[in-house]
Amino acid sequence: MTDNSPGFIRQLPSAVPGLALIVATLVVIRFWIEPWMAQTVLFGIKGWFVQVLHLNYILLGIICGLLYRNVLFGGKIPDVLTNGFRLSRLMIKTGIIMLGSLYTIQAIVKLGSMAIFLIGGFVIMTVVMVLWLGQLFKLDRSMTGVMANALSICGVSAAVATAPAVEAKASHVAYAIATILGFGVLTLFISPFIGHALGFNDLQYGAWIGTGILNSGQVLAAALAFNPNVAPGTAVSVAEIWNIMRVISIPFAVFAVTVWYWAGKLEEADKSQHKGLGTLLVEKFPVFVLGFVAMVILTSLGVFGDVGLKDGPPASAVIKMLRVWMTWIFGFGLVGLGGYIDFKEIAQAGGAPLKLGLIVGATKYVLALLVVILFRDYLVAI
Amino acid sequence: MAQTDTTNASAAVDDKGKMTLFKDDRAEDIGAIILTVVLVAIILFLAR
(Lines give C-alpha, C1' and ligand atoms only; values in the text may rest on other atoms or scores of the structure.)
Protein backbone atom coordinates (compact mmCIF):
# COMPACT_ATOMS: atom_id res chain seq x y z
CA MET A 1 0.00 0.00 0.00
CA THR A 2 1.61 3.30 -1.02
CA ASP A 3 0.82 6.47 0.88
CA ASN A 4 0.88 9.32 -1.65
CA SER A 5 -0.29 12.07 0.67
CA PRO A 6 2.17 14.89 1.43
CA GLY A 7 4.10 14.64 4.70
CA PHE A 8 2.94 16.15 7.97
CA ILE A 9 5.24 19.20 7.82
CA ARG A 10 4.11 20.10 4.29
CA GLN A 11 0.46 19.84 5.30
CA LEU A 12 0.90 21.93 8.44
CA PRO A 13 0.31 25.38 6.84
CA SER A 14 -3.01 24.13 5.46
CA ALA A 15 -4.03 23.22 9.02
CA VAL A 16 -3.80 26.82 10.23
CA PRO A 17 -7.39 27.94 9.38
CA GLY A 18 -9.00 24.92 11.06
CA LEU A 19 -6.68 25.20 14.05
CA ALA A 20 -7.46 28.92 14.34
CA LEU A 21 -11.18 28.14 14.48
CA ILE A 22 -10.63 25.49 17.15
CA VAL A 23 -8.43 27.78 19.26
CA ALA A 24 -10.82 30.73 18.89
CA THR A 25 -13.76 28.49 19.89
CA LEU A 26 -12.06 27.37 23.08
CA VAL A 27 -10.89 30.89 23.96
CA VAL A 28 -14.46 32.21 23.65
CA ILE A 29 -15.79 29.30 25.70
CA ARG A 30 -13.27 29.61 28.50
CA PHE A 31 -13.04 33.41 28.77
CA TRP A 32 -16.62 34.43 28.02
CA ILE A 33 -19.14 31.59 28.03
CA GLU A 34 -17.96 29.71 31.14
CA PRO A 35 -17.78 32.86 33.34
CA TRP A 36 -21.20 33.92 32.03
CA MET A 37 -22.68 30.49 32.84
CA ALA A 38 -21.20 30.60 36.33
CA GLN A 39 -22.91 33.94 37.06
CA THR A 40 -26.23 33.50 35.27
CA VAL A 41 -29.29 32.90 37.43
CA LEU A 42 -31.88 30.61 35.88
CA PHE A 43 -34.90 29.11 37.66
CA GLY A 44 -33.67 30.83 40.80
CA ILE A 45 -30.34 29.02 40.80
CA LYS A 46 -27.09 30.91 40.25
CA GLY A 47 -24.90 29.08 37.79
CA TRP A 48 -27.76 26.79 36.76
CA PHE A 49 -25.93 25.71 33.60
CA VAL A 50 -23.03 24.49 35.74
CA GLN A 51 -24.82 23.27 38.88
CA VAL A 52 -27.69 21.47 37.14
CA LEU A 53 -26.57 20.72 33.58
CA HIS A 54 -22.90 20.24 34.62
CA LEU A 55 -21.83 22.08 31.51
CA ASN A 56 -18.16 22.96 31.29
CA TYR A 57 -15.65 23.89 28.60
CA ILE A 58 -15.19 20.24 27.65
CA LEU A 59 -18.84 19.56 26.86
CA LEU A 60 -19.25 22.99 25.26
CA GLY A 61 -16.21 22.38 23.07
CA ILE A 62 -17.58 19.07 21.82
CA ILE A 63 -21.01 20.61 21.27
CA CYS A 64 -19.43 23.43 19.24
CA GLY A 65 -17.54 20.88 17.11
CA LEU A 66 -20.78 18.95 16.61
CA LEU A 67 -22.65 22.11 15.65
CA TYR A 68 -19.95 23.22 13.24
CA ARG A 69 -20.17 19.97 11.33
CA ASN A 70 -23.86 19.10 11.48
CA VAL A 71 -25.47 22.55 11.54
CA LEU A 72 -23.18 25.38 10.46
CA PHE A 73 -21.40 23.53 7.65
CA GLY A 74 -24.29 21.29 6.62
CA GLY A 75 -22.72 17.90 7.34
CA LYS A 76 -19.16 18.39 6.17
CA ILE A 77 -16.28 20.41 7.56
CA PRO A 78 -15.15 22.68 4.68
CA ASP A 79 -11.94 21.59 2.94
CA VAL A 80 -10.11 24.74 4.06
CA LEU A 81 -10.70 23.76 7.71
CA THR A 82 -10.34 19.96 7.44
CA ASN A 83 -6.62 19.67 8.07
CA GLY A 84 -6.92 21.72 11.25
CA PHE A 85 -9.54 19.34 12.58
CA ARG A 86 -7.27 16.44 11.64
CA LEU A 87 -4.91 17.63 14.37
CA SER A 88 -7.45 16.79 17.09
CA ARG A 89 -6.22 13.25 17.70
CA LEU A 90 -2.61 14.46 17.84
CA MET A 91 -3.64 16.91 20.56
CA ILE A 92 -5.51 14.27 22.51
CA LYS A 93 -2.53 11.89 22.37
CA THR A 94 -0.19 14.71 23.40
CA GLY A 95 -2.45 15.53 26.33
CA ILE A 96 -2.52 11.89 27.39
CA ILE A 97 1.28 11.69 27.33
CA MET A 98 1.47 14.85 29.44
CA LEU A 99 -1.07 13.26 31.81
CA GLY A 100 1.78 10.97 32.88
CA SER A 101 2.88 13.87 35.08
CA LEU A 102 -0.10 13.16 37.35
CA TYR A 103 1.23 9.79 38.45
CA THR A 104 4.06 8.24 40.35
CA ILE A 105 5.12 4.67 39.64
CA GLN A 106 3.50 3.54 42.89
CA ALA A 107 0.18 5.13 41.86
CA ILE A 108 0.36 3.44 38.45
CA VAL A 109 0.98 0.05 40.04
CA LYS A 110 -1.96 0.53 42.42
CA LEU A 111 -4.41 1.76 39.80
CA GLY A 112 -3.01 -0.48 37.08
CA SER A 113 -3.53 -3.66 39.01
CA MET A 114 -7.19 -2.73 39.62
CA ALA A 115 -7.60 -1.79 35.98
CA ILE A 116 -6.03 -4.97 34.61
CA PHE A 117 -8.64 -7.19 36.23
CA LEU A 118 -11.61 -5.07 35.20
CA ILE A 119 -10.32 -4.32 31.72
CA GLY A 120 -9.10 -7.87 31.09
CA GLY A 121 -12.42 -9.31 32.13
CA PHE A 122 -14.48 -6.84 30.11
CA VAL A 123 -12.35 -7.13 26.96
CA ILE A 124 -12.69 -10.91 26.97
CA MET A 125 -16.41 -10.76 27.76
CA THR A 126 -17.07 -8.22 25.01
CA VAL A 127 -15.11 -10.10 22.35
CA VAL A 128 -16.95 -13.34 23.16
CA MET A 129 -20.33 -11.57 23.18
CA VAL A 130 -19.74 -9.91 19.82
CA LEU A 131 -18.50 -13.08 18.15
CA TRP A 132 -21.58 -14.94 19.41
CA LEU A 133 -24.05 -12.17 18.46
CA GLY A 134 -22.36 -11.82 15.08
CA GLN A 135 -23.17 -15.45 14.38
CA LEU A 136 -26.72 -15.00 15.70
CA PHE A 137 -27.36 -11.99 13.46
CA LYS A 138 -25.63 -13.76 10.57
CA LEU A 139 -23.18 -10.90 10.16
CA ASP A 140 -20.27 -11.17 7.75
CA ARG A 141 -17.27 -12.69 9.59
CA SER A 142 -15.02 -9.76 8.73
CA MET A 143 -17.62 -7.31 10.04
CA THR A 144 -17.92 -9.34 13.24
CA GLY A 145 -14.16 -9.45 13.71
CA VAL A 146 -13.81 -5.69 13.35
CA MET A 147 -16.77 -5.02 15.66
CA ALA A 148 -15.38 -7.42 18.28
CA ASN A 149 -12.24 -5.36 18.77
CA ALA A 150 -13.84 -1.98 18.16
CA LEU A 151 -16.39 -2.64 20.92
CA SER A 152 -14.03 -4.35 23.35
CA ILE A 153 -11.09 -1.96 23.20
CA CYS A 154 -11.13 1.57 21.93
CA GLY A 155 -13.25 2.04 18.89
CA VAL A 156 -11.57 3.62 15.92
CA SER A 157 -7.94 2.51 16.42
CA ALA A 158 -8.94 -1.04 17.26
CA ALA A 159 -11.26 -1.26 14.22
CA VAL A 160 -8.56 -0.01 11.86
CA ALA A 161 -5.91 -2.28 13.44
CA THR A 162 -8.10 -5.36 13.07
CA ALA A 163 -9.37 -4.72 9.53
CA PRO A 164 -6.46 -6.09 7.48
CA ALA A 165 -6.17 -9.19 9.66
CA VAL A 166 -9.78 -10.24 9.02
CA GLU A 167 -10.06 -9.14 5.37
CA ALA A 168 -12.48 -6.38 6.29
CA LYS A 169 -13.79 -4.01 3.63
CA ALA A 170 -13.82 -0.24 4.09
CA SER A 171 -17.57 -0.38 4.68
CA HIS A 172 -17.09 -2.80 7.59
CA VAL A 173 -14.69 -0.46 9.31
CA ALA A 174 -16.88 2.56 8.56
CA TYR A 175 -19.95 0.83 10.08
CA ALA A 176 -17.99 -0.13 13.19
CA ILE A 177 -16.64 3.38 13.65
CA ALA A 178 -20.05 4.98 13.08
CA THR A 179 -21.68 2.65 15.62
CA ILE A 180 -18.97 3.27 18.21
CA LEU A 181 -19.07 7.04 17.78
CA GLY A 182 -22.87 7.18 17.76
CA PHE A 183 -23.29 5.20 20.95
CA GLY A 184 -20.29 6.90 22.49
CA VAL A 185 -21.75 10.39 21.98
CA LEU A 186 -24.79 9.34 23.98
CA THR A 187 -22.72 7.90 26.84
CA LEU A 188 -20.43 10.92 26.81
CA PHE A 189 -23.30 13.28 27.61
CA ILE A 190 -25.30 11.15 30.03
CA SER A 191 -22.41 9.68 32.06
CA PRO A 192 -21.61 12.82 34.10
CA PHE A 193 -25.28 13.10 35.07
CA ILE A 194 -25.46 9.48 36.13
CA GLY A 195 -22.16 9.76 37.98
CA HIS A 196 -23.27 12.82 39.94
CA ALA A 197 -26.75 11.36 40.58
CA LEU A 198 -25.22 8.19 42.04
CA GLY A 199 -22.81 10.19 44.17
CA PHE A 200 -19.73 8.65 42.56
CA ASN A 201 -16.38 10.01 43.58
CA ASP A 202 -13.70 10.56 40.94
CA LEU A 203 -12.19 7.11 41.37
CA GLN A 204 -15.47 5.25 41.03
CA TYR A 205 -16.61 7.36 38.08
CA GLY A 206 -13.23 7.08 36.31
CA ALA A 207 -13.18 3.30 36.74
CA TRP A 208 -16.73 3.03 35.37
CA ILE A 209 -16.27 5.10 32.23
CA GLY A 210 -12.77 3.80 31.64
CA THR A 211 -14.33 0.36 31.38
CA GLY A 212 -17.76 1.10 29.95
CA ILE A 213 -17.33 3.81 27.31
CA LEU A 214 -16.27 2.53 23.92
CA ASN A 215 -14.00 5.18 22.44
CA SER A 216 -10.79 6.62 23.99
CA GLY A 217 -11.59 10.22 23.09
CA GLN A 218 -15.04 9.91 24.63
CA VAL A 219 -13.63 8.39 27.84
CA LEU A 220 -11.42 11.45 28.15
CA ALA A 221 -14.28 13.83 27.40
CA ALA A 222 -16.67 12.11 29.83
CA ALA A 223 -14.01 12.19 32.58
CA LEU A 224 -13.33 15.91 32.13
CA ALA A 225 -17.04 16.64 31.85
CA PHE A 226 -17.53 15.08 35.32
CA ASN A 227 -14.59 16.94 36.83
CA PRO A 228 -12.68 19.39 34.60
CA ASN A 229 -9.76 19.53 37.00
CA VAL A 230 -6.52 17.80 36.02
CA ALA A 231 -4.79 16.57 39.18
CA PRO A 232 -3.88 13.26 40.87
CA GLY A 233 -7.00 11.39 41.92
CA THR A 234 -9.37 13.24 39.58
CA ALA A 235 -11.69 11.40 37.23
CA VAL A 236 -9.44 11.99 34.22
CA SER A 237 -6.37 10.61 36.01
CA VAL A 238 -8.25 7.40 36.86
CA ALA A 239 -10.07 6.98 33.56
CA GLU A 240 -6.89 7.42 31.52
CA ILE A 241 -5.12 4.55 33.31
CA TRP A 242 -8.07 2.34 32.43
CA ASN A 243 -7.96 3.65 28.89
CA ILE A 244 -4.25 2.93 28.56
CA MET A 245 -4.69 -0.61 29.86
CA ARG A 246 -7.33 -1.11 27.14
CA VAL A 247 -5.23 0.40 24.38
CA ILE A 248 -2.21 -1.73 25.31
CA SER A 249 -4.30 -4.85 24.75
CA ILE A 250 -4.87 -4.01 21.05
CA PRO A 251 -2.16 -6.37 19.70
CA PHE A 252 -3.42 -9.24 21.84
CA ALA A 253 -7.04 -8.71 20.87
CA VAL A 254 -6.14 -8.43 17.16
CA PHE A 255 -4.22 -11.70 17.45
CA ALA A 256 -7.13 -13.48 19.19
CA VAL A 257 -9.74 -12.29 16.67
CA THR A 258 -7.42 -13.14 13.78
CA VAL A 259 -7.06 -16.69 15.07
CA TRP A 260 -10.87 -16.93 15.39
CA TYR A 261 -11.37 -15.54 11.89
CA TRP A 262 -8.94 -17.88 10.12
CA ALA A 263 -10.08 -20.87 12.16
CA GLY A 264 -13.50 -20.41 10.57
CA LYS A 265 -12.30 -20.07 7.00
CA LEU A 266 -13.15 -23.17 4.99
CA GLU A 267 -10.43 -22.82 2.39
CA GLU A 268 -6.74 -22.20 3.03
CA ALA A 269 -6.89 -18.71 1.64
CA ASP A 270 -4.05 -16.21 1.51
CA LYS A 271 -2.34 -16.53 4.89
CA SER A 272 -0.23 -13.43 4.46
CA GLN A 273 -2.66 -11.47 6.65
CA HIS A 274 -2.38 -14.06 9.44
CA LYS A 275 0.42 -12.58 11.51
CA GLY A 276 2.04 -13.93 14.63
CA LEU A 277 1.60 -12.29 18.04
CA GLY A 278 5.18 -11.00 18.02
CA THR A 279 4.69 -9.26 14.67
CA LEU A 280 1.39 -7.77 15.82
CA LEU A 281 2.99 -6.53 19.04
CA VAL A 282 5.66 -4.72 17.07
CA GLU A 283 3.27 -3.35 14.43
CA LYS A 284 0.21 -2.46 16.51
CA PHE A 285 1.54 -1.45 19.93
CA PRO A 286 0.44 2.16 20.56
CA VAL A 287 3.80 3.88 20.86
CA PHE A 288 2.41 7.02 22.53
CA VAL A 289 1.94 4.89 25.67
CA LEU A 290 5.75 4.79 25.90
CA GLY A 291 5.71 8.58 26.02
CA PHE A 292 3.17 8.39 28.86
CA VAL A 293 5.40 5.91 30.73
CA ALA A 294 8.41 8.19 30.25
CA MET A 295 6.45 11.09 31.79
CA VAL A 296 5.50 8.90 34.76
CA ILE A 297 9.16 7.97 35.28
CA LEU A 298 10.31 11.59 35.03
CA THR A 299 7.59 12.62 37.50
CA SER A 300 8.55 9.84 39.91
CA LEU A 301 12.19 11.00 39.73
CA GLY A 302 11.07 14.51 40.70
CA VAL A 303 12.16 16.16 37.45
CA PHE A 304 9.04 18.38 37.49
CA GLY A 305 9.06 18.99 41.26
CA ASP A 306 6.31 18.06 43.74
CA VAL A 307 3.08 16.74 42.23
CA GLY A 308 0.81 17.97 45.01
CA LEU A 309 -0.45 14.67 46.38
CA LYS A 310 -2.94 14.74 49.24
CA ASP A 311 -1.30 15.57 52.60
CA GLY A 312 1.97 16.30 50.80
CA PRO A 313 3.73 19.50 49.70
CA PRO A 314 1.87 21.64 47.15
CA ALA A 315 2.38 21.12 43.43
CA SER A 316 5.41 22.86 41.90
CA ALA A 317 5.09 25.71 39.40
CA VAL A 318 6.11 23.35 36.58
CA ILE A 319 3.43 20.81 37.49
CA LYS A 320 0.78 23.54 37.79
CA MET A 321 1.69 24.91 34.36
CA LEU A 322 1.69 21.41 32.87
CA ARG A 323 -1.86 20.89 34.15
CA VAL A 324 -3.14 24.20 32.82
CA TRP A 325 -1.61 23.55 29.41
CA MET A 326 -3.10 20.04 29.43
CA THR A 327 -6.60 21.40 29.91
CA TRP A 328 -6.15 23.64 26.87
CA ILE A 329 -4.67 20.88 24.72
CA PHE A 330 -7.47 18.51 25.64
CA GLY A 331 -9.96 21.28 24.95
CA PHE A 332 -8.55 21.85 21.45
CA GLY A 333 -8.54 18.11 20.80
CA LEU A 334 -12.15 17.69 21.91
CA VAL A 335 -13.49 20.59 19.81
CA GLY A 336 -11.88 18.81 16.88
CA LEU A 337 -13.33 15.48 17.99
CA GLY A 338 -16.81 17.02 18.03
CA GLY A 339 -16.25 17.98 14.40
CA TYR A 340 -15.89 14.32 13.47
CA ILE A 341 -19.32 13.33 14.78
CA ASP A 342 -21.53 13.16 11.71
CA PHE A 343 -25.17 12.48 12.51
CA LYS A 344 -25.99 11.47 8.95
CA GLU A 345 -23.23 8.84 8.86
CA ILE A 346 -24.35 7.45 12.20
CA ALA A 347 -27.94 7.24 10.98
CA GLN A 348 -26.83 5.46 7.80
CA ALA A 349 -24.94 2.78 9.72
CA GLY A 350 -28.21 1.02 10.49
CA GLY A 351 -29.13 -2.62 10.41
CA ALA A 352 -27.51 -5.59 12.08
CA PRO A 353 -24.14 -3.96 12.89
CA LEU A 354 -25.91 -1.10 14.67
CA LYS A 355 -28.16 -3.51 16.58
CA LEU A 356 -25.13 -5.55 17.64
CA GLY A 357 -23.22 -2.40 18.57
CA LEU A 358 -26.08 -1.03 20.65
CA ILE A 359 -26.69 -4.31 22.47
CA VAL A 360 -23.03 -4.84 23.31
CA GLY A 361 -22.35 -1.18 24.03
CA ALA A 362 -25.32 -0.89 26.37
CA THR A 363 -24.47 -4.20 28.10
CA LYS A 364 -20.89 -3.12 28.68
CA TYR A 365 -21.94 0.32 29.91
CA VAL A 366 -24.52 -1.00 32.39
CA LEU A 367 -22.43 -3.97 33.52
CA ALA A 368 -19.41 -1.75 34.19
CA LEU A 369 -21.69 0.51 36.24
CA LEU A 370 -22.98 -2.44 38.28
CA VAL A 371 -19.48 -3.80 38.89
CA VAL A 372 -18.25 -0.41 40.11
CA ILE A 373 -21.29 -0.04 42.38
CA LEU A 374 -20.74 -3.53 43.80
CA PHE A 375 -17.03 -3.06 44.36
CA ARG A 376 -16.96 0.68 45.11
CA ASP A 377 -15.58 0.11 48.60
CA TYR A 378 -12.70 -1.93 47.25
CA LEU A 379 -11.54 0.64 44.70
CA VAL A 380 -8.36 1.96 46.27
CA ALA A 381 -7.65 5.67 46.00
CA ILE A 382 -4.24 6.92 44.96
CA MET B 1 -10.15 -9.49 -4.76
CA ALA B 2 -10.15 -10.07 -0.97
CA GLN B 3 -6.48 -9.12 -0.88
CA THR B 4 -7.22 -5.87 -2.70
CA ASP B 5 -10.23 -5.16 -0.48
CA THR B 6 -8.19 -5.94 2.60
CA THR B 7 -5.20 -3.93 1.45
CA ASN B 8 -7.41 -1.02 0.57
CA ALA B 9 -9.63 -1.25 3.64
CA SER B 10 -7.55 0.90 5.94
CA ALA B 11 -6.41 3.20 3.17
CA ALA B 12 -9.96 3.69 1.91
CA VAL B 13 -11.23 4.50 5.36
CA ASP B 14 -8.24 6.75 5.93
CA ASP B 15 -8.87 8.64 2.70
CA LYS B 16 -12.61 8.96 3.16
CA GLY B 17 -12.65 10.15 6.73
CA LYS B 18 -8.95 10.60 7.39
CA MET B 19 -8.63 11.64 10.99
CA THR B 20 -4.95 12.52 10.94
CA LEU B 21 -2.37 14.50 8.99
CA PHE B 22 0.10 11.67 9.53
CA LYS B 23 0.46 8.65 7.28
CA ASP B 24 -0.60 6.23 10.03
CA ASP B 25 -1.23 5.81 13.76
CA ARG B 26 2.40 5.00 14.51
CA ALA B 27 3.63 8.23 12.89
CA GLU B 28 0.99 10.17 14.83
CA ASP B 29 2.12 8.58 18.09
CA ILE B 30 5.70 9.67 17.41
CA GLY B 31 4.44 13.14 16.49
CA ALA B 32 2.61 13.33 19.82
CA ILE B 33 5.77 12.36 21.70
CA ILE B 34 7.79 15.02 19.87
CA LEU B 35 5.13 17.67 20.50
CA THR B 36 5.10 16.73 24.20
CA VAL B 37 8.88 17.08 24.42
CA VAL B 38 8.67 20.55 22.86
CA LEU B 39 5.83 21.67 25.16
CA VAL B 40 7.48 20.28 28.30
CA ALA B 41 10.75 22.02 27.35
CA ILE B 42 8.89 25.32 26.96
CA ILE B 43 7.13 24.84 30.30
CA LEU B 44 10.39 23.99 32.07
CA PHE B 45 11.91 27.15 30.62
CA LEU B 46 8.97 29.39 31.55
CA ALA B 47 8.37 28.02 35.03
CA ARG B 48 11.94 28.02 36.33
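Biologist: How many aromatic pairs does a search of the whole structure find over all chains?
Modeller: The model is a predicted one, and a search across all of its chains turns up 13 aromatic pairs. Among them is the pair of Trp48(A) and Phe49(A), which is edge-to-face, with 5.5 Å centre to centre and 80 degrees between the planes.

Biologist: Are Trp48(A) and Phe49(A) buried or exposed?
Modeller: Trp48(A) and Phe49(A) are both buried. Another edge-to-face pair is formed by Tyr261(A) and Trp262(A), where the distance is 5.4 Å centre to centre and the planes stand at 90 degrees; Tyr261(A) and Trp262(A) are buried as well.

Biologist: And which residues do ring pairs link into a cluster?
Modeller: Ring pairs join Phe200(A), Tyr205(A), Trp208(A), Phe226(A) and Tyr365(A) into a cluster.

Biologist: Staying with rings, where does the charged end of Arg30(A) sit?
Modeller: The charged end of Arg30(A) is placed over the ring of Tyr57(A), 4.1 Å from the centre of that ring, and Arg30(A) also lies over the face of Trp328(A), at 4.7 Å from the ring centre.

Biologist: Switching to salt bridges, how many does the structure hold over all chains?
Modeller: Over all chains there are five salt bridges. One of them joins Asp79(A) to Lys76(A), with the closest N and O atoms 2.7 Å apart.

Biologist: Why does Asp79(A) count as exposed?
Modeller: Asp79(A) counts as exposed because its relative accessible area is 63%, and the cut-off for exposed is over 50%. Lys76(A), at 48% relative accessibility, is classed as partly exposed.

Biologist: What does Glu28(B) form with Arg89(A)?
Modeller: Glu28(B) forms a salt bridge with Arg89(A), in which the closest N and O atoms are 2.9 Å apart. This pair crosses between chains, running from Glu28(B) in helix H2 (residues 25–47) of chain B to Arg89(A) in helix H5 (residues 88–98) of chain A, and both Glu28(B) and Arg89(A) are buried.

Biologist: Which side chain does Asp29(B) meet in a salt bridge?
Modeller: The side chain of Asp29(B) meets that of Lys93(A), at 2.7 Å from N to O, and this pair likewise crosses between helix H2 of chain B and helix H5 of chain A. Asp29(B) counts as buried at 3% relative accessibility, and Lys93(A) counts as buried at 8%.

Biologist: Which residues are linked in a network of salt bridges?
Modeller: The network links Arg89(A) and Lys93(A) with Asp25(B), Glu28(B) and Asp29(B).

Biologist: Last topic, how many helices and strands are in chain B?
Modeller: Chain B has two helices and zero strands, and 38% of its 48 residues count as buried. The accessible surface of chain B is about 2600 Å², with 68% belonging to carbon and sulfur atoms.

How values were computed
Residues are numbered from 1 along each chain as its sequence is written. Chains are lettered from A and ligands numbered from 1 in the order in which they are written. This is a predicted model: local features need pLDDT of at least 70, side-chain atom pairs count only at pLDDT 80 or more; totals for chains, interfaces and linings use all residues. Side-chain values use heavy atoms; hydrogens and water are left out. Helices (H or I, at least four residues) and strands (E, at least two) are DSSP runs, numbered from the N terminus. Buried means under 20% relative accessible area, exposed over 50%, partly exposed in between (1.4 Å probe, protein chains only). Accessible areas come from the Shrake-Rupley method with a 1.4 Å probe; for residues, only the protein chains shown count as cover. Rings of Phe, Tyr and Trp (its six-membered ring) pair if their centres lie within 6.5 Å; planes under 30 degrees apart count as stacked, over 60 as edge-to-face and the rest as tilted. A charge sits over a ring if NZ of Lys or CZ of Arg is within 6 Å of the ring centre and within 35 degrees of the ring normal. A salt bridge is a side-chain nitrogen of Lys or Arg within 4 Å of a carboxyl oxygen of Asp or Glu.
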